[in-house]
Amino acid sequence: MRLLLILAAAIILAIAQSPCQSPPLWQGKMIEFDPSQAFARRSDIFYDEANLRIAIYDDISYQGRETYTFDLFFFAKAKYYSLNLQTQACTIGPLNDPFPVIEVPPGSNLTGQYYIGVTGVPNDYVLVNRYEDYNGNYYGSWTALGCAPVSAFINTTKYGNVFYNFFDIQLGLDPNIFTIPKQCA
């Protein structure tokens with residue numbers, strides 16, 4: 001009996017520590033920044049993992065200059081469209097990068113839980129799981145219910161340290177957001 005209780009506790013602990021499954025279809029807001037490059041990006045993001053496509057309205061600040069764009073990334077077609085909202089100029093090009101799955105990276109470990117918000121006020125907080133790898137290349141926070149992204153720090157060889165914050169996540173999206181702008185036809 002004691003062995004069964006220990007085994008049950010071990011299984012429950014393993015399930016609780018396994019990375020959660022992120023929603024495959026959502027929209028929300030994202031802030032990305034890289035202080036070493038004087039780079040900040042404020043975005044409305046539309047994420048469709050099933051069809052391998054992402055749409056982003058961007059407000060990018062890079063070394064004191066502001067740029068506003070609407071970008072469509074069609075990974076299954078290996079093509080992107082970028083419409084400069086200030087000039088209405090459109091750039092179309094090949095897309096060689098793999099689809100960026102927004103998920104708790106494989107091999108990450110649950111390292112803690114915490115609340116965002118005020119726990120003494122009803123409905124004014126959310127429980128968040130913190131995951132990280134032990135190489136120092138990733139740590140991130142995801143909602144305990146629903147596994148929506150909250151924040152992430154990623155150390156990459158191509159871009160260095162990049163920080164992301166996500167908020168106002170809503171499940172589902174309007175598929176018309178993926179309509180190619182007339183300026184790009």
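**View 1. Strands β3 and β4 pair in the antiparallel sense, over ten bridges.** This is a predicted model: local features need pLDDT of at least 70, side-chain atom pairs count only at pLDDT 80 or more, and totals for chains, interfaces and linings use all residues. Residues are numbered from 1 along each chain as its sequence is written, and side-chain values use heavy atoms, with hydrogens and water left out. Strands (E, at least two residues) and helices (H or I, at least four) are DSSP runs, numbered from the N terminus. Two strands are called paired if DSSP finds at least two bridges between them. Look for I54, which sits opposite F73 of β4. Two residues lie between the strands of this hairpin, and Q63 there takes a positive phi near 50 degrees.

**View 2. Next along, β4 pairs with β5, again in the antiparallel sense.** This pairing runs over six bridges. F73 turns up here too, standing opposite Y80 in β5. The β4–β5 hairpin has four residues between its strands. In that turn, A78 has a positive phi of about 55 degrees.

**View 3. Strands β9, β10 and β11 link up through two hairpins.** β9 and β10 are antiparallel partners over five bridges, with Y139 bridging to F153 in β10. Five residues separate these two strands, and G146 in the turn shows a positive phi of about 95 degrees. β10 then pairs with β11, also antiparallel, over six bridges. T156 stands opposite G160 in β11, and the hairpin joining β10 to β11 goes through three residues.

**View 4. The largest pocket holds about 1400 Å³ of space.** Rolling a probe the size of a water molecule over the atoms shows where empty space is left. A pocket here is found on a 1 Å grid over the protein atoms alone: it is an open set of points where a 1.4 Å probe fits, with protein on both sides within 12 Å along at least five of seven lines, and lining residues have an atom within 4 Å of a point. Grid points are joined across faces, edges and corners, and the volume is the space filled by probe spheres set on them. Nonpolar covers Ala, Val, Leu, Ile, Met, Phe, Trp, Tyr, Cys and Pro; charged covers Asp, Glu, Lys and Arg; the others, Gly among them, are polar.

**View 5. The second largest pocket has a volume of about 200 Å³.** It is lined by 13 residues, with V126, T143, A148, V150 and I169 closest to the centre. β10 and β11 each supply at least two lining residues, and β11 gives the largest share, at four. Which classes make up this lining? Eleven of its residues are nonpolar and two are polar, with no charged ones.

**View 6. I31 belongs to strand β1.** Its relative accessibility is 29%, so I31 counts as partly exposed; that label covers values between buried (under 20% relative accessible area) and exposed (over 50%), using a 1.4 Å probe and protein chains only. Setting aside neighbours within four places in sequence, I31 is in contact (heavy atoms within 4.5 Å) with R41, R42, F163, Y164, N165 and F167. I31 and R41 are ten residues apart in sequence, and their C-alpha atoms are 5.6 Å apart.

**View 7. I177 lies in the segment after β11.** Is I177 buried or exposed? I177 counts as buried because its relative accessibility is 16%. Not counting residues up to four places away in sequence, I177 touches F46, A55, Y57, F70 and L72. L72 is 105 residues away from I177 in sequence, yet the two are 8.9 Å apart, C-alpha to C-alpha.

**View 8. Zooming out, the protein chain has one helix and eleven strands.** Along the principal axes, the C-alpha atoms fill a box of roughly 70 × 40 × 35 Å. Buried residues make up 34% of the 185 in the chain.
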